[in-house]
Each structure stands twice: as C-alpha cells, then as structure tokens.
Amino acid sequence: FVAGWMILLYHAYDVGDYVQVSGAEGRVRRMTLNSTRIATRDNTIKLVPNRKIWDDTIVNLTASKARRLELEISCAPGNDIERVESSIRELLAEHPQILNKPKPEVHLARIGPSEMVFAVQPWVRTENYWPMQRSLLKEISQRFARDGIS
C-alpha cells in the first residue's frame, strides 16, 4: 500500500502514460494501491506489484511534451560530409512535425571502413515520437536518393 501511495504522491505516472517499470513496458491502463496494470505494445496485459515498481527505476516516456529522436544514418564514405549534413538539415527544417526549438542536431558521429555514420537528433511532440521514428528514416533515404548521396 505504501508503494502505491508513493507512486500517487510523486505523480510518477498516470493512467494513459507509456512507461518502463520493473521489466514491463507499455501504457498504464489501471492503477490501484497494490498494483499497476500495463498494456504492452502487443496488447498483453501485465499486472505489476507497486512494491516492485517503487523499488526499481520508473521511466515515464510520455511525461514531457517533446522528445528527441536518436537516429543513426549511414552513407558511403565517399560522400561530401557537408553535403550530407546539409541534405539532412534541409529535410528537418522543412518537416512540419519536427520542432524548431530545441534545434535539431546533425553531426558526423563516426567513420568506419565502409560507412560514415551521422547522428540525427530532432525534437518531436511526444505523441509523434514513434510514427516519426519510422517515417523519418524513409524520408532521409528518399532525400539521399534525390540529392545523389549514396
């Protein structure tokens, strides 16, 4: 009961939030003083005792209005670094679902023998996080093809 009160008192999460707690990840469906019911991505229901949750790390993925995507984009090492960064920055600046503040980051993360890897870190509204995670990879690939980046 104490753990349930602590979760409520500290507003660790609410019904509808997407969380990672005690090895479970999903959307909070119901909370009682004893347990929290979580629906996983495949809609499996997990009933997690609040005492286990309170004794572990609580990650609330929907607590903030914006989240930063963490993408790694690879291209052939023969491409011009400035051109690749410019192509990605243009796409991000034009995209209606990418937030301007905080400013998106694009930089060369590492160079390997067969690829250059760029870190692409735009900010999006939390509700757009997963759709943008998937669609932005495709859009960058299409932009590379358009701009002649291999």
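Predicted model: local features only at pLDDT ≥ 70, side-chain atom pairs only at ≥ 80, totals over all residues.
**Figure 1. Contacts across the chain.** Take the contacts between residues at least 6 apart in sequence: 60% of them join residues at least 24 apart. Of the 150 residues of the chain, 37% count as buried.

**Figure 2. The whole chain and its order of elements.** The chain has four helices and ten strands. Along the sequence, they follow the pattern α-β-β-β-β-α-β-β-β-α-β-β-β-α. The radius of gyration is 20 Å, well over the 15 Å that the globule rule gives for 150 residues, so the chain is more spread out than a compact globule. Along the principal axes, the C-alpha atoms fill a box of roughly 60 × 30 × 25 Å.

**Figure 3. Surface and charge.** The accessible surface of the chain comes to about 9,000 Å². Carbon and sulfur atoms account for 51% of that surface. The chain carries 21 positive and 18 negative side chains. How far apart do the centres of the two sets lie? They are 7 Å apart.

Figure 4. Strand β3 covers residues 35-39, and strand β4 covers residues 45-49. The two strands pair in the antiparallel sense, over five bridges.

**Figure 5. Asp 147 in helix α4.** Helix α4 spans residues 129-147, and Asp 147 belongs to it. Is Asp 147 buried or exposed? Its relative accessible area is 16%. The cut-off for buried is under 20%, so Asp 147 counts as buried. Which residues does Asp 147 touch, leaving aside its neighbours within four places in sequence? Asp 147 is in contact with Arg 83 and Ser 87.

**Figure 6. Ala 66 in strand β6.** Ala 66 sits in strand β6, which runs over residues 66-68. Ala 66 has a relative accessible area of 24% and is partly exposed. Leaving aside neighbours within four places in sequence, Ala 66 is in contact with Leu 99, Trp 123, Val 124, Arg 125 and Thr 126. Ala 66 and Ala 109 are 43 residues apart in sequence. In space, they are 23 Å apart, C-alpha to C-alpha.

Definitions and conventions: Residues numbered from 1 in each chain as written. Heavy atoms only, no water. Rg over C-alpha atoms; globule rule 2.2 N^0.38 Å. Buried < 20%, exposed > 50% of the residue type's maximum accessible area, 1.4 Å probe, protein only. Contact = heavy atoms within 4.5 Å. Areas by Shrake-Rupley, 256 points an atom, 1.4 Å probe, with all protein chains shown as cover. Lys, Arg positive; Asp, Glu negative; His and termini not counted. Charge placed at Lys NZ, Arg CZ, Asp CG, Glu CD. Pairing = 2+ DSSP bridges.
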